[in-house]
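Have the sequence and the model open as you read.

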Amino acid sequence: MYDDLANWWHLISAPEDYAEEAAFFLQIISDAGLAHPTTLLELGSGGGNNATHLKGTFASVTLTDLSSEMLEVSRQINPECSHIQGDMRSMRLDRLYDVVFVHDAIDYMTTLDDLEKAIATAFIHCKPGGLALFVPDHVSETFEPSTDHGGHDSADRSIRYLEWSYDPDGNDTMYTVEYVYILREGNNPVRVEHEQHICGLFHREEWLRLIEKVGFRAEVIRDNYKRDIFLVRKP
Ligand SMILES: C[S@@+](CC[C@H](N)C(=O)[O-])C[C@H]1O[C@@H](n2cnc3c(N)ncnc32)[C@H](O)[C@@H]1O
C-alpha cells in the first residue's frame with residue numbers, strides 16, 4: 001500500500017474523508033491552550049490527507065514518513081509543506097515544534113520498544129510547553145474485530161477495498177489487518193491484490209507508562225470513533 005500502490009492512495013483514502021477527524025484534532029489543539037502554536041510536525045504523514053486540513057492553522061508544517069512514495073503523493077496536495085523521509089523511531093531533525101502529531105501511522109509500532117522510540121522522537125522534537133497528539137486506531141481495551149470497505153473513482157481509475165482486522169493472539173502486542181484491493185484501470189480487466197499489515201496493540205496503561213517515562217504529561221481523550229487519543233504535554 002505504501003510503495004507499489006502508493007499512487008492509488010488518494011483513491012483508497014481521499015483527503016475529504018479526513019475533514020471531520022481533522023476538525024476534531026484542531027479543536028483538541030485549540031482547547032489545549034497553547035499561546036500561539038505556529039509549527040506542526042507530523043510523523044508518518046503518509047499521503048498527507050490530515051495535513052490538507054491542518055496546514056491552514058500553522059505557519060509552518062513539516063510532514064515526515066518512512067515511504068518516499070507516500071511523501072511524493074503528499075507533495076502533490078501539500079506543495080507548501082516541507083516533506084522529509086524518516087523513520088519515526090529514529091528520525092532527528094534538529095528542530096523543535098509547537099505540536100507533534102502522529103495519526104494512524106503509530107499503529108505500525110508493534111513492540112513496546114518501537115512505541116517508546118516513536119514517543120521519544122515526538123518528545124525530542126516538541127518545544128517545552130508544547131504538545132503531541134498520538135491517535136492509535138485501537139488500544140487493547142477497545143479493540144474489536146471488524147470489517148470495513150471503501151474506495152473511490154477518478155476519471156480513468158477506480159479502486160475498492162475490503163479491510164478485515166482481527167487479533168490472532170491476545171497475548172502479544174499485535175493485531176492483523178488483511179486488505180484486498182480491486183483495481184480497475186479504463187476498460188481493462190480488474191486486478192486483485194492482497195496484503196497483510198501487522199499493527200501494534202497496547203494496553204492504555206502501557207501507553208501512559210511510556211509517555212510518562214519519556215517525559216511527557218498525558219491526558220486520554222475519547223473521540224467520536226471510540227478511540228483513545230493521547231494528548232501529551234512537554235513540561
Ligand atoms: C495509513 S498511512 C498514514 C495516512 C495519513 N494519516 C494521511 O493523512 O494520509 C500510514 C503511514 O505510516 C507510515 N509508516 C509506517 N511505519 C513508519 C515509521 N516507522 N516511520 C514513519 N512512517 C511510518 C507508512 O509509510 C504510511 O505512509
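The largest nonpolar core has 44 residues, and the ones with the most contacts inside it are Val100, Val102, Ala118 and Ala132. A nonpolar core here is a set of buried Ala, Val, Leu, Ile, Met, Phe, Trp, Tyr and Cys residues joined through C-beta atoms within 7 Å. Buried means that 20 or more other C-beta atoms lie within 10 Å of a residue's own; 12 or fewer makes it exposed, anything in between partly exposed, and the C-beta atoms are placed from the backbone. Before going on, note that this is a predicted model: local features need pLDDT of at least 70, side-chain atom pairs count only at pLDDT 80 or more, and totals for chains, interfaces and linings use all residues. Residues are numbered from 1 along each chain as its sequence is written.

Pick valine 100 and look around: leaving aside neighbours within four places in sequence, valine 100 is in contact (C-beta atoms, placed from the backbone, within 7 Å) with Leu41, Leu43, Ala122, His125, Cys126 and Ala132. There's also a second, separate core of 12 residues, including Tyr2, Leu11, Met70 and Tyr181.

Now for the strands. Helices (H or I, at least four residues) and strands (E, at least two) are DSSP runs, numbered from the N terminus. Strand S2 (residues 60–65) has five of its six residues buried, so it is largely enclosed by the rest of the structure. S2 runs parallel to strand S1 (residues 39–43), joined by five bridges; strands count as paired if DSSP finds at least two bridges between them. Threonine 39 has serine 60 in S2 as its bridge partner. To get from S1 to S2, the chain passes through helix H3 (residues 49–54) in a right-handed β-α-β crossover, meaning that, with the strands pointing away from the viewer, the path from the first strand over the helix to the second runs clockwise.

S2 also pairs with strand S3 (residues 82–85), in the parallel sense over four bridges. Here threonine 64 has isoleucine 84 in S3 as its bridge partner. S2, helix H4 (residues 68–77) and S3 make a right-handed β-α-β unit.

Finally, out to a loop: threonine 142 is found between strand S5 (126–134) and strand S6 (146–150). Is threonine 142 buried or partly exposed? With 15 C-beta neighbours inside 10 Å, threonine 142 counts as partly exposed. Beyond four places in sequence, threonine 142 touches Lys226, Arg227 and Asp228.

Methods. Contact = placed C-beta atoms within 7 Å.
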